[in-house]
Amino acid sequence: MKRSAIILAKSHSSRYAILFYSLLLTLAASPLLEALGLGSNVLELLLTVNLLAAVIPVDNPSGRRVLLLVLVAALAIRLGAAWFNHPAISRASLALWTVVALAAAVVALRYTMRATAISSEHIYAALSAYVLVGIFCGVFYFVLERAWPGSLGVAGENAPGHFSLTSGTYFSFVTLATLGYGDLVPKSEVARGLAIVEAVFGQLYLAVMVARLVSLYVTGTRKGKQSV
């Protein structure tokens with residue numbers, strides 16, 4: 001009993017570290033799965049694991065319960081839509097995944113911003129929020145292209161082409177980091193609006209979060225010197 005309690009306590013104290021590494025695993029596995037032609041099923045399974053890892057750190061029991069219920073409902077809808085071959089409902093469930101992920105990212109941000117002293121878990125929370133937004137905005141771009149073909153595509157080509165989950169993730173992180181490669185471009189007004197919001201968020205996030213973490217580090221260092 002004591003050993004299991006210790007293991008649970010350690011896993012709870014490193015919950016954002018677990019989330020961050022599960023997100024990195026998904027980023028690394030996504031292009032590999034695409035290259036091997038394994039389809040999107042394995043990738044969607046990894047996304048589900050990410051969502052579970054993102055919801056578990058929510059400290060508010062009622063909020064965590066609501067997010068878990070929404071996640072379970074979205075997963076059930078996704079499986080039912082795949083079984084009955086109903087792509088519209090399937091896309092709606094994926095969009096619901098994005099809502100859950102963004103809510104979890106907000107919780108991670110609040111956890112970091114409310115900290116009075118910096119720790120590795122706060123850094124993992126800040127990193128996880130950034131990667132969560134990038135991955136699940138990619139899911140939303142994928143849903144957008146499936147719902148309205150031609151919303152995103154290859155520059156210089158007017159006809160809609162193949163746009164996978166991996167393509168959506170790629171475009172999302174290119175937009176979030178404002179790299180601007182220009183190989184995939186938003187072509188509809190909705191896609192352009194989402195790209196603008198994500199790009200602005202990416203720039204503001206890095207500026208504000210780095211300033212916050214540095215200020216916490218400086219404050220903690222000063223307190224440590226004063227106590228000595």
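1. His122 is found in helix 6 of this predicted model. The residue is buried, with a relative accessible area of 11%; that value falls under the 20% cut-off for a buried residue. Leaving out residues up to four places away in sequence, His122 touches Tyr111, Thr112, Ala115 and Ala117.

2. Helix 6 itself deserves attention next.

3. Phe136 may be followed through its contacts. When residues up to four places away in sequence are not counted, Phe136 touches Leu47, Asn50, Leu51, Trp97, Thr98 and Ala101.

4. Helix 2 and helix 3 form a pair that can be described in simple geometric terms. Two packed helices are described by the angle between their axes and the distance between the axes. Here the axes of helix 2 and helix 3 come within 9 Å and cross at roughly 170°. Helix 2 is therefore roughly antiparallel to helix 3, because angles over 145 degrees count as roughly antiparallel. On the side of helix 2, the contact is made by Leu19, Ser22, Leu23, Thr26, Ala29, Ser30 and Leu33. On the side of helix 3, the residues are Val42, Leu43, Leu46, Leu47, Asn50, Ala53 and Ala54. The residues of this contact comprise ten nonpolar, four polar and no charged.

5. Ser172 lies in helix 7. Is this residue buried or exposed? Ser172 is buried, with a relative accessible area of 0%. Its contacts, apart from neighbours within four places in sequence, are Val133, Gly134, Cys137, Gly138, Tyr141 and Glu198. One of these, Cys137, is 35 residues from Ser172 in sequence, while the two are 6.1 Å apart in space, C-alpha to C-alpha.

6. Thr178 lies in the loop between helix 7 and strand 2 (184–186). Most residues other than glycine have a negative phi. Thr178, although it is not a glycine, has a positive phi of about 50°. With a relative accessible area of 40%, Thr178 is partly exposed.

7. Lys187 is placed in the loop between strand 2 and helix 8. Lys187 is partly exposed, and its relative accessible area is 28%. Lys187 and Val154 are separated by 33 residues in sequence and by 9.4 Å in space, C-alpha to C-alpha.

8. The overall architecture may be set out last. The protein has eight helices and two strands. From the N terminus on, these elements run α-α-α-α-α-α-β-α-β-α. Of the 228 residues of the protein, 40% count as buried. How much of the contact total comes from residues 24 or more positions apart? Such residues account for 71% of the contacts with a separation of 6 or more.

Terms used: Residues numbered from 1 in each chain as written. Predicted model: local features only at pLDDT ≥ 70, side-chain atom pairs only at ≥ 80, totals over all residues. Heavy atoms only, no water. Contact = heavy atoms within 4.5 Å. Helix = DSSP H or I, 4+ residues; strand = E, 2+ residues; numbered from the N terminus. Buried < 20%, exposed > 50% of the residue type's maximum accessible area, 1.4 Å probe, protein only. Axes fitted to C-alpha atoms, helices over the stretch in contact; angles between N-to-C directions. Parallel < 35°, antiparallel > 145°, perpendicular 65-115°, else oblique. Nonpolar A, V, L, I, M, F, W, Y, C, P; charged D, E, K, R; others polar.
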